Amino acid sequence: MTLFSEASGRQVVSTGNAATVGKIKHFIVDAASQKVVGLRLSKTPDHGTVLPWQAIHSFGADAVTIADANLIVEPDAQLAALDVKQHTIIGKQVLTTEGRKVGSVVDVDFDPADGRVVSLVLGDHSIDGTTFIGVGSYAVVVKA
């Protein structure tokens, strides 16, 4: 498993020419599927800023590899809707479906093989990613 904090800033490399084509700026997460669905990149070629998850060849400890820089695109409507401040997870309060505050998200642990959210890290404890059901402007919501 991998933490957002550990993977942020990681280089994205094209296997076609071994060139660095960007760096991970932040993660785009879909609460409905409980998965990372894309990566917002910085320092990219001129043709895009988002790497859809399905375009990733390998998410390694040192770099993310993709077949070609052309896979970095401008976000489609779905990714654009998820790539807004309202859907940012880190730093938000965590509320249960019963309305109980259980802490604030300090990190997210995800599976680099498929992007699945494994857990929400709240500092001294974690919440299972399968309970993650939503994120809004104020809080992340988990099943009670």
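1. Some ground rules to begin with. The model is predicted, so local features need pLDDT of at least 70 and side-chain atom pairs count only at pLDDT 80 or more, while totals for chains, interfaces and linings use all residues. Residues are numbered from 1 along each chain as its sequence is written, and side-chain values use heavy atoms, with hydrogens and water left out.

2. Start with the sheet. Four strands form an open sheet in the order β1-β10-β11-β12, with antiparallel pairing. The edges belong to β1 (2-3) and β12 (126-128), each with a single partner strand, so one side of each has no neighbour in the sheet. As for the terms, strands are DSSP runs of E with at least two residues, numbered from the N terminus, and two of them pair if DSSP finds at least two bridges between them. In general, strands of a sheet pair through backbone hydrogen bonds, either parallel or antiparallel.

3. Strand β11 (residues 117-121) pairs with β12 over three bridges, in the antiparallel sense. V121 has S126 in β12 as its bridge partner.

4. Next, the hairpin. Strands β8 (residues 93-96) and β9 (residues 101-104) run antiparallel and are joined by three bridges. L95 has K101 in β9 as its bridge partner. Four residues sit between the strands of this hairpin, and G99 takes a positive phi near 90° there.

5. G103 is partly exposed, because its relative accessible area is 25% (buried means under 20%, exposed over 50%, partly exposed in between, using a 1.4 Å probe and protein chains only). Leaving aside residues up to four places away in sequence, G103 touches K92, Q93 and V94, where contact means heavy atoms within 4.5 Å. G48, by contrast, is 55 residues from G103 in sequence and 35 Å away in space, C-alpha to C-alpha.

6. Last, two backbone angles worth checking by eye. Most residues other than glycine have a negative phi. A18 has a positive phi, near 60°, and is not a glycine. You'll find A18 in the loop between β2 (11-14) and β3 (20-30), and A18 counts as exposed because its relative accessibility is 61%. Q34 isn't a glycine either, yet its phi is positive at about 55°. Q34 lies in the loop between β3 and β4 (35-42).
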